[in-house]
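Thank you all for coming.

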Amino acid sequence: AAIMRASEVKNASFIGKEVTIRGWVHRLRKQKENSFILLRDDRGGVIQCVLPTDKAAGLTIESSVQVTGIVSQDPRAPEGGFEIKGKELKIFNIAAEYPIGEYQSDELLLDKRHLALRTRKMIAMAKVRASVLHYGRRWFVENGWMEVTAPTIVKGAVEGGSTLFKLRYFDQDAYLSQSAQLYLEAMIFSLGPVWSLTPSFRAEKSRTVRHLAEFSHLEAEAPWVTLEDILKVEEQLVSYVIQNTIKERAEELEFLKRDVSGLKKVEPPFERVPYGRAIEILRSKGFQVTEDDGTKREIQFGDDLSIDSERELTKDADKPVFVVGYPIAVKPFYVKEDPEHPGIGLTADMLAPRGFGEITSGGQREDSIDSITSRMVKEGLKPEAYEWYLDLRRYGSVPHGGFGLGIERLVRWITNAEDIKDTVLFPRTMSRVEP
Ligand code: 4AD
């Protein structure tokens with residue numbers, strides 16, 4: 001007979017029938033006559049199996065087994081009231097003493113992440129994450145954007161030098177990519193609207209609940225688009241991903257105790273708040289910023305927004321908010337200056353509601369070679385190092401734009417995860433490069 005999974009077996013039509021299921025001993029209770037195994041299948045579904053204790057005697061937590069038996073219904077059986085009265089037990093491996101118990105510190109769970117992937121929480125997270133990736137890809141396919149990939153070993157900084165990982169590349173220095181943007185910009189001249197999902201690397205020295213050293217970066221770029229066109233893409237994409245994910249993963253989100261009523265309201269349009277207005281709002285609330293030397297002062301026009309200011313702006317919202325038109329001084333060299341508002345960039349960040357903070361950043365790109373070269377120099381970058389990129393402004397430059405979205409930031413908001421490390425299977429942070 002075919003091997004089944006727990007979710008298939010837990011069905012009234014199987015009561016009284018013989019089934020075979022494979023998996024791992026998730027929980028185990030041995031009594032004198034019978035042993036109760038909560039079996040976890042390879043998709044994280046669980047079902048109780050009852051076996052005579054003499055047969056199950058050698059079993060341990062995480063032993064891998066195959067059970068054949070008769071499906072019955074018993075209201076006392078956990079996780080849905082179905083159980084399998086086991087007749088045959090095949091053992092693949094008797095697990096050594098399992099290092100993860102029921103209550104464990106976060107640190108131990110991170111040290112043993114290769115095993116912690118078997119916890120119900122991580123299984124639920126992985127499934128939500130899979131849906132976010134799936135529906136993200138689907139949105140682009142359905143809307144006619146071409147999928148591409150860009151190299152992750154590169155020569156030049158995109159997002160500034162302070163977070164670059166340097167590496168020895170044969171006999172020269174190179175870096176791990178912070179963003180595929182510059183490569184996507186090169187592709188739009190012949191491939192039109194393109195998008196990619198690649199790892200981005202940031203040597204973030206700060207330990208925060210929203211920074212990883214390696215994250216999954218979904219980026220898009222298109223020719224002949226305005227800032228407003230880009231914002232429309234972002235709000236449609238994010239709404240589509242969220243609505244489909246909360247439908248497909250209702251069970252997992254419930255397990256994670258995520259109340260999805262706020263997420264259900266996420267649909268276009270998202271509010272656009274001019275940067276200057278955001279600063280006014282923060283000033284009216286007496287919002288302060290901390291200088292590098294520790295002194296505090298009131299926030300003012302020209303300051304970048306911190307996670308605290310982002311929280312203040314979004315704490316009562318259900319939908320994300322776009323903060324539009326940051327000063328170019330706080331943004332990278334490629335941001336196009338608004339011809340009507342000198343000093344202001346045609347750029348916007350999408351801030352997730354309730355303090356989850358920035359999840360996307362994008363806008364129009366500087367398309368004039370003179371402006372972009374002088375911006376590079378102002379930022380301390382060497383234009384010679386960007387020769388190929390500057391070619392894009394020499395040969396048929398067009399107005400264009402795009403954005404980047406951090407998958408883990410989005411998953412963190414959708415799952416209400418406390419820490420971004422929970423949203424990725426093998427997190428990389430300043431203090432963790434293993435397992
Ligand atoms: O704001 P960022 O740095 O923008 C760029 O890299 C652009 N070049 C993207 C583009 O326009 N193609 O990063 C974009 C997004 C952020 O909004 C955030 O969601 C995520 O990437 N991100 C991080 N996520 C996790 N950990 C980090 N250290 C992140 N840094 C950025």
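How many bridges join strand β12 to β19? Keeping in mind that this is a predicted model, we find seven bridges between β12, which covers residues 214–223, and β19, and the two strands run antiparallel. Within this pairing, Pro-223 stands opposite His-400 in β19. Strand β18, residues 357–364, also pairs with β19 in the antiparallel sense, here over five bridges, and Gly-362 stands opposite Phe-403.

Let us stay with β19, which spans residues 400–406 and has seven of its seven residues buried. In a regular strand the side chains alternate between the two faces of the sheet. In β19 both faces are covered, with His-400, Gly-402, Gly-404 and Gly-406 buried on one side, and Gly-401, Phe-403 and Leu-405 buried on the other.

Now to the salt bridges, of which the structure holds 38. One of them joins Glu-185 to Arg-393, with the closest N and O atoms 2.8 Å apart. Because Glu-185 lies in helix α6 and Arg-393 in helix α12, this pair ties together parts that are 208 residues apart in sequence. Both Glu-185 and Arg-393 are buried.

Arg-138 and Glu-142, by contrast, both lie in helix α5, four residues apart, which is about one turn of the helix. They form a salt bridge whose closest N and O atoms are 3.6 Å apart; Arg-138 is partly exposed, at 34% relative accessible area, while Glu-142 is exposed, at 53%.

Key: Residues are numbered from 1 along each chain as its sequence is written. This is a predicted model: local features need pLDDT of at least 70, side-chain atom pairs count only at pLDDT 80 or more; totals for chains, interfaces and linings use all residues. Side-chain values use heavy atoms; hydrogens and water are left out. Buried means under 20% relative accessible area, exposed over 50%, partly exposed in between (1.4 Å probe, protein chains only). Two strands pair if DSSP finds at least two bridges between them. A salt bridge is a side-chain nitrogen of Lys or Arg within 4 Å of a carboxyl oxygen of Asp or Glu.
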